[in-house]
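Work through the exercises below with the structure open. Each task is followed by a solution in steps.

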Amino acid sequence: MAVFQLPEWAALAPALILAGTALVLFLFDSINPRSTNRPLLAGTAVAGSLASLAVAVWFTAAGVGATGIENYGVVDVMNGQFIVDRLALYFMIIISIVTALVAVASYDYLRDHTYQAEYYSLVVLAATGMSMIAASNSLVTIFIALELTSLPSYALVAILKDNRGSVEAGLKYFLIGALSSAIFVYGISLVYGATGSLQLEAIAANLGAAGEMGGLLGLGILMLVGGVAFKTASVPFHFWAPEAYEGAPAPISAFLSSASKAAGFVLAFRVFTTAFPLEATTAVIGVDWTVAFVILAIVTMTLGNFAAATQENVKRMLAYSSIGHAGYVLIGLAALSTEAGDLVMGAAMMHLLVYGFMNTGAFLFVALAEYWGVGPTFADYNGLSKQAPFASAAMAVFMFSLAGVPPFGGFWSKYLLYTETVNAAADNTVLLVLAAALVVNSALSLYYYSRLVKALWIEEPILDRDRLTQPTGLYAAIIAAAVMTVVILPAFDPIATAALEAAAAVVG
Amino acid sequence: MAATATGPFGFAPAIAVLPLVAFAVTLLFGKHLPKKGALPGIIATAGSLLISLVMFAAVGGGNAYHTTLYEWTAGAAASETGAEGIAFTFGVLIDPLSALMLVIVSLVALLVHVFSLGYMNAEGETGLPRYYAELGLFTFSMLAFVFADNLLMAFMFFELVGLCSYLLIGFWFRTESAPSAAKKAFLVTRFGDYFFLIGVVAIAATFGTVGFAGEASFVTAAETAIDDGATLFGFDAQTWVTITGLLVLGGVLGKSAQFPFHTWLPDAMEGPTTVSALIHAATMVAAGVYLVARMFGYYALSPTALSIIAFVGGFTALFAATMGVVKDDVKQVLAYSTISQYGYMMLGLGVGGYVAGVFHLLNHAFFKALLFLGAGAVIVLMHHEQNMWKMGGLKDKAPVTYYTFLAGALALAGIVPFSGFWSKDEVLFDALIIGLEQPIILAAYAMGLVAVFFTGFYTFRMVFLTFHGEPRSETAEDPHPVGWPIKVPLIVLGILATVTGLVNMAPVAKLLDVEITFLEFWLDGEYGSVEGLTYHAYHETVAFEEGVIGGSETTTMLLSAGLSLGLALAGAFTAHTLYNVPEPTRHMQKLGGAYSLLRRNYYQDEYQVWLAEGLTLPVARAADRFDQTVIDGLVNGTSTVSLFSSSWVKRIQTGIVTNYAALLVGGFIALLLVLGYLGGWFA
């Protein structure tokens, strides 16, 4: 045990630090809304997210959430409304890393924009919501945290106020988001109606009381699935994603597709494992809820990859690829019906972490291209490697890693996900279909990812470009992400351990 | 370090390493060296010979050596016989057999190197550094193969030997025929090696070891398995030993040019004659028979495998000898004689005559090297004319070549007291005594015996046509002189071909009752040996019964010896009457229809070409068509379908948010219907 004992609420520190940072930035904004003191604003955001990261890592290392005499065990906050365990810390780490990368990159990206303080304040506020989702342990806190994430996101997508695409995308995102939220909150009310509880453990304990209302509870669960699908951009709740990612400033696209998606998944992992233990739930609702995730996983990865294959717009391609990756991670939930379900879920979480680096990096490269004024299509990217070899090399790393080519991190996490799925298929042969879909879609994805690498490295530029500048912040963020995508390979063991512990924390 | 620990044996790896160094040196600096790289090779092979002799003396002094040099991988592997793990290593095994073979190989290699000075350098060949480098690599591979202590290492160097002969046969790669012959040699032997490789894997998987000697050898493991009555891979242990032994034999038949894999060898005459000498006497072709001798303990466990070896050997001996009768090219005659003689060795080993087989291998190495180098000398004399009908009368113009060649010919024909007589007689005697109890061996023996007549005939036909009579061309009247680099190896080999037979005069020993069968004592571990690898151990394992004629072993032996000597002399005499005349003619009509059958080599090439062109090629074409249409069609079709469906899927994203809301709700309801139906919510 530690020498001094922190109060319980301190366990939420990673999220609270983000909240504090957001308020500080909001304070700047109130004092001087037109401030263009970029170093101060971006610096505050970066410092806040790094502090959050540091605390989360420290907690993990110190043993918060881990059981055993030397460790602190799982910390319940506010009578179980929040919970800080391995799973929560793992996702807080992912979220703060992505937030830090996005904030660093935004320093250059927002060079000539007004409302800088507002921007950073919204980003950190959204990150606060995501961190809170990771720790939420009741449907109420989950819903509040979810809205705390969503509302700043809508505003962020539309923040380029003079850009039609940005504003239109923001509105569409908001409309679909409102619809999804409605479905989600309706689902919450149905679950409450059936079980009489909102706290997740209490729901699990009261499942038996649902009795006659099995169908009602099933519908509620399915609506919760809908809310998750919206947050993770899974079919059929994915329609906002291509539009929002394309219209939003590229760093925000990175933020939404990496951090926001991760938040959606932690929500799903926690709600479905804690509140709806498979056997007890099946007994009440008459059907195994993993079936929904099997269907969603297959449809999502297939639709995402197929739609990405013929895109001409790079950002749209990445948007669909991000949908495809959501499909891969959904396997982690689909496999929960098996003995080795926790291993598959661990592999899925690992994929999310690696994805956090490679996908953020890819979007940040697009941000760099936008910063240079390069057009949106593949053809516009032709021959960029001549002017920007380092950034283009980093982009090639992201693309190959996303496609799952060795030796990059994306290969290892996808490989692990694949092998664990195949192993788990011993209990449920449906998983073989998922594994096959994973392989087929990865193969297809190599096609469109390598198209971009080909454009960068092999094609000749269509028109002559001037010498390109090298914005420090964007470069730093991209290179950091690329390095992490590569070196995550030797560091894989501790990450695997962390992810497996996180998975084990919620699965039986 | 190793040398001090284990006496002279510590130097054993150097035997192979020296030629490897010569290879590297010649390859890198050959152009700048005097004699274009011959010297490093000569020095290295002389060094190898010296160390081999030291090894030989050490084995003679009652020692043997078996050690592991390097283990490249080891791991746990469950094998069929229950061995826990398996290790793949490089190791050295110096026992009487390998010590003897090392001396033979390094001696022949040294003489070939020296001879090359006269044959290649003096004739102004280009590409000599390449030639000497390849010779060095060839020697290295063979020597390492000889002292290999396990089957996998043997296989690796076996393959290297094959590669080197490919390179050397195709040395004159700008001609049309040499590259083709090289490819043929490589492919035909490779075909056999596929079976060998499968055999290696099978043995490793069965016994969990690939070692030749000691407690942890696959031979011992196989013996234990047979004694225990174990079942291996669903077969009776002995059957399985037969199967794996025959798989390994595939490689042996290919390398030793035994029927039906013999077709590459006559073509391989396209290489320089020195290379032919090395290939036929001590390396490539010898490797096959040596492998059988090396793992003889394994074959000894399976009478079926032995019978097959014996029968194939006897058949090949006769088969090749008949073809040698009608050849015009001096090197072709020798090529068929090689096939035939290796047939005898296989016959000897196949009837359990381990000493006889090895004895013939030893004698053949010397007299065949001699004959090839002699033929090389003749070719130099004749300004690179190889057709015997254009020669004649060289006897007086090149006496050294003539007399040494004659010694080789007498040894090959098996005329007493030249070396070939003693070993061939012993092979035939061993075959006869087993054959009296085993009809199939008797058939093999009969074929071997008949082949003796043909051997005598073609050998002396060659001698008479080449050296006797009147010169039949201008070059034959005025031959090119040959120098000492050619004469010295001929003289050394001439002496060896004459006297090596004396090391194991079994009939004399029997008659006079004296102990002079030194080779038998040598191989039987009277001096130094490795446990289990002795003639006695093998002899006890072999399950053949022996019979005698007239109730006495001596009578049988005399009868056998008399018969084979008589037939050899009859063959030689026939050749004498037909060809030892001033103006010999071809005598084709006497053979009638058989002539063209023999000239075309029993249509062996034709049927193998048919196999390639008539069978393999159509199958390959069909496979290619399948690949081009079905496989590629599937692949291309997949991408077309993918891209098409991609452009279709893309259209769902209309950009109109009300459509999205409708699709979203529609999708949700579809999911709800599926789950609700499954869960019975609507009931």
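**Exercise 1. A helix pair in chain A**

Determine the handedness of the crossing of α6(A) and α8(A), and describe the contact between these helices.

Solution. 
- Step 1. In this predicted model, α6(A) and α8(A) cross in a left-handed sense.
- Step 2. Helix α6 covers residues 164–195 of chain A and helix α8 covers residues 214–231; their axes come within 7 Å and cross at roughly 150 degrees.
- Step 3. Angles over 145 degrees count as roughly antiparallel. The two helices, α6(A) and α8(A), are therefore roughly antiparallel to each other.
- Step 4. On the α6(A) side, the residues in contact include Gly177(A), Ser180(A), Phe184(A), Gly187(A), Val191(A) and Ala194(A). Their partners in α8(A) include Leu216(A), Gly220(A), Met223(A), Gly227(A) and Phe230(A).
- Step 5. Sorted by class, this contact of α6(A) with α8(A) has 13 nonpolar and eight polar residues, and no charged ones.

**Exercise 2. Confidence along chain A**

State the mean pLDDT of chain A, and find where confidence is lowest and where it is highest.

Solution. 
- Step 1. Chain A has a mean pLDDT of 89, with 97% of its residues at 70 or more.
- Step 2. The lowest confidence in chain A falls in helix α20 (residues 492–506), where the mean is 75.
- Step 3. The highest is in helix α5 (residues 139–157) of chain A, at 94.

**Exercise 3. Two chains described**

Solution. 

| Item | Chain A | Chain B |
|---|---|---|
| Helices and strands | 20 helices and two strands | 29 helices and four strands |
| Buried residues | 64% of 508 residues | 55% of 683 residues |
| Share of contacts with a separation of 6 or more that join residues 24 or more positions apart | 80% | 80% |

**Exercise 4. Burial in chain B**

Decide how far helix α12 of chain B is enclosed, and whether Phe429(B) is buried or exposed.

Solution. 
- Step 1. Helix α12 runs over residues 284–294 of chain B, and eleven of its eleven residues are buried, so this helix is largely enclosed by the rest of the structure.
- Step 2. Among the buried residues of α12(B) are Met284(B), Tyr290(B) and Arg294(B).
- Step 3. Phe429(B) sits in helix α19 (residues 419–435) of chain B.
- Step 4. The cut-off for a buried residue is 20 or more other C-beta atoms within 10 Å. Phe429(B) has 27 and is buried.
- Step 5. With neighbours within four places in sequence left aside, Phe429(B) is in contact with Met557(B) and Ser560(B).
- Step 6. Tyr445(B) is 16 residues from Phe429(B) along the chain, and their C-alpha atoms are separated by 8.8 Å.

**Exercise 5. Backbone exceptions**

Locate two cis peptide bonds and two residues other than glycine with positive phi.

Solution. 
- Step 1. Most residues other than glycine have a negative phi, and most peptide bonds are trans.
- Step 2. In chain A, a cis peptide bond joins Pro406(A) and Pro407(A), with omega about 5 degrees. Pro407(A) belongs to the loop between α16 (389–403) and α17 (409–424).
- Step 3. In chain B, Phe259(B) and Pro260(B) are joined by a cis peptide bond with omega about 0 degrees. The loop between α9 (237–255) and α10 (264–267) of chain B holds Pro260(B).
- Step 4. Ala257(B) is also found in the loop between α9 and α10 of chain B. Its phi is near 55 degrees, a positive value. Ala257(B) is buried, with 31 other C-beta atoms within 10 Å.
- Step 5. Phe233(B) has a positive phi near 50 degrees and lies in the loop between β3 (231–232) and β4 (235–236) of chain B. With 13 other C-beta atoms within 10 Å, Phe233(B) is partly exposed.

Terms used:
Residues are numbered from 1 along each chain as its sequence is written. Chains are lettered from A and ligands numbered from 1 in the order in which they are written. This is a predicted model: local features need pLDDT of at least 70, side-chain atom pairs count only at pLDDT 80 or more; totals for chains, interfaces and linings use all residues. Axes are lines fitted to C-alpha atoms, for helices over the stretch in contact, and angles run from 0 to 180 degrees between N-to-C directions. Angles under 35 degrees count as roughly parallel, over 145 as roughly antiparallel, 65 to 115 as roughly perpendicular and the rest as oblique. A crossing is left-handed if the near helix is turned anticlockwise from the far one by less than a right angle, and right-handed if clockwise. Two residues are in contact if their C-beta atoms, placed from the backbone, lie within 7 Å. Ala, Val, Leu, Ile, Met, Phe, Trp, Tyr, Cys and Pro count as nonpolar, Asp, Glu, Lys and Arg as charged, and the others, Gly among them, as polar. pLDDT is the predictor's confidence in each residue, from 0 to 100. A residue is buried if 20 or more other C-beta atoms lie within 10 Å of its own, exposed if 12 or fewer, and partly exposed in between; C-beta atoms are placed from the backbone.
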